[in-house]
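Colleague: Could you walk me through this one? I'd like to start with how you sort residues by accessibility.

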Amino acid sequence: MIAQQLLNGLIVGGVYALFALGFTLVFGIQKILNLAHGAIFTVGAFVSWYVVSLGLPLLLGILASIVVCGLLSMLVEFVCFSRLRKTGDEEFGAIISSIGAGLVIMTVVQRLSNTRVLRFPFETFPVRIYEFAGLRITLLQLFMVGCAALLVLALYILIYRTSFGRRIRAVTDNERASTLVAINPNATYRQVYFISGALAGVAGVLVGLAFSSIHFAMGEPYLLFAFVIVILGGLGSILGATIAALLFGMMQTLTIAFLPSGLTNTIIFLALFLILMVRPNGLFGKEAAGALRGRR
Amino acid sequence: MLLEVRDLAVNYSGIQAVRGVSLDIAEGEMVALIGANGAGKSSLINALSGVVRAASGTVTFEGAEIQRMSPWSISARGLIQVPEGRLVFSALSVEENLLLGATAAKGRKAQFGLAEVYDLFPILKERRNQLAGSLSGGQQQMLAIGRGLMSGPRLLLLDEPSLGLAPVIVSQVFRALMELRAQGLTTLLVEQNANLALSVSDRAYMMEQGRIVHQGPSRQMAEDPDIIALYMGQTA
């Protein structure tokens, strides 16, 4: 029973990792809390649902979500943050600005969906259950964990093993110095926002598939979870957010399975406070400025 | 001329840091820009690299006016600044810093690759996997110059390479500059230490209060009694 819940927690944690990584990526490079991230996640689920409801394959829906959410995230950066950065008042201003952007996106989604709760058609994903060493896992769960693992690995390689990632880390480390090696920081920021939005979009699709419930406010709890995960993992740390997301997922499923209902969030936040008392920069954060500056 | 600067002015909140400066740099020259602290040398070099916007005047680099361009467009053209205070990417490794320089080369034939930079500064090869932020000041200066060289510079702007370094490290850095001069790299060397700057350069400009007040061959300037009295005595 515990092993089964841990497995379920790992699968959910993988999806949380996708969502939180986009959030922490933006924080790592710009020190901005993008509170419109939850709304972008919601759009991801709706876009895929729309594509699938047209009779097109799910993979096409996921691709469409990646493109739409990536572009939407770039638009949020352009409208909410790019001007603020020039004033040097981005940290607080960006929080307010991104809350506004999130509300606008949610309202548009609410209008377009008539506040309905939507579901992917039943035949979107084949229902198959596998048993292994006494554990049950569905094909959808395998797909979720595969998607999450692939994207987290791809992000890690992109950031730490490619010249593109080197440019991102250079801008994070010292924006002024980066301009002297022919890097356009504005273009780099836009690219990071695209990646961040794309990850949120995929997470939205996977959550929509897993819980068979797509509605305009579905991103809100995930935004709160992302906060917990990125603080737990160390602000801006990719590896930290990934591990923290998996721990968070397991902690959540275990508390849901074994404790009275309604205690889940209390337990999770209590654990967060206790961890922060011992490690104020999170489990893996070396400094509050963000470990995206480091090697991992 | 590789670089032509005409009547360049730079203002900071109403204060004129650079006042109508004109200078030229030909291909293959090493030109020194000397002057006391606050003379406007760094403001001038920052205006050339696009880090600060010139209030008036023109900067022509390889026939194109660049004074309104962004710093990344200017560095992409091969006008590479090695800034004062080194500004290395402290959380990236030494080799990653150098490779970032290579990405700025943008298809220009780079005279310096990793091997050449490591030959020039062997300590960087030893420390290639170390974080740049953990290097000493002198090693960071070598890294900043190495990164500039990897960028395939058509013109290298070196801002105060001796600043804050121990004399033994300064002589190492300047030995490397002599080697670069011998290889024909076009360089504008900004230095407070007039003795050193005049000893390695072909020509020199001297700035005072935002203006060019002397110019000529470095050897000739090094023997000018006024310059000796004003600057060289202090820096010997």
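Modeller: In this predicted model, a residue counts as buried under 20% relative accessible area, as exposed over 50%, and as partly exposed in between.

Colleague: OK, so where does A:Met1 fall, buried or exposed?

Modeller: A:Met1 has 63% relative accessibility, and therefore it counts as exposed. A:Met1 sits in the segment that precedes helix H1 (2–30) of chain A.

Colleague: Let's zoom out. What is the secondary structure of chain A?

Modeller: Chain A has eleven helices and two strands, and from the N terminus the elements follow the order α-α-α-α-β-β-α-α-α-α-α-α-α.

Colleague: And what about the overall dimensions of chain A?

Modeller: The C-alpha trace of chain A spans about 55 × 45 × 35 Å along its principal axes. For 296 residues a compact globule would have a radius of gyration near 19 Å, and chain A, with 19 Å, agrees with that. Of the 296 residues in chain A, 53% are buried.

Colleague: How many residues of H2(A) are buried?

Modeller: In H2(A), 15 of the 17 residues are buried, so this helix is largely enclosed by the rest of the structure. Its geometry can be checked as well, because at 1.5 Å a residue the 17 residues of H2(A) (residues 37–53) should span 24 Å, and the end C-alpha atoms are 25 Å apart, which agrees. Just after H2(A), A:Gly55 adopts a positive phi of about 95°.

Colleague: Switching to chain B, what is the strand order in the open sheet of four strands?

Modeller: The order in that sheet of chain B is S2-S1-S4-S5, with antiparallel pairing. Strand S2 (15–25) and strand S5 (64–65) are the edge strands, since each pairs on one side only.

Colleague: How many bridges hold S4(B) and S5(B)?

Modeller: Two bridges, in the antiparallel sense, link strand S4 (residues 56–61) of chain B to S5(B), and B:Phe61 stands opposite B:Ala64 in S5(B).

Colleague: Which residues of S6(B) are buried on each side?

Modeller: Strand S6 (residues 79–82) of chain B is covered on both faces, with B:Leu79 and B:Gln81 buried on one side and B:Ile80 and B:Val82 buried on the other. S6(B) runs parallel to strand S7 (residues 155–159) of chain B, and four bridges join them; the bridge partner of B:Val82 in S7(B) is B:Leu158.

Methods. Residues are numbered from 1 along each chain as its sequence is written. Chains are lettered from A and ligands numbered from 1 in the order in which they are written. This is a predicted model: local features need pLDDT of at least 70, side-chain atom pairs count only at pLDDT 80 or more; totals for chains, interfaces and linings use all residues. Side-chain values use heavy atoms; hydrogens and water are left out. Buried means under 20% relative accessible area, exposed over 50%, partly exposed in between (1.4 Å probe, protein chains only). Two strands pair if DSSP finds at least two bridges between them. The expected span of a helix is 1.5 Å times one less than its number of residues. The radius of gyration is taken over C-alpha atoms; the globule rule is 2.2 Å times the number of residues to the power 0.38.
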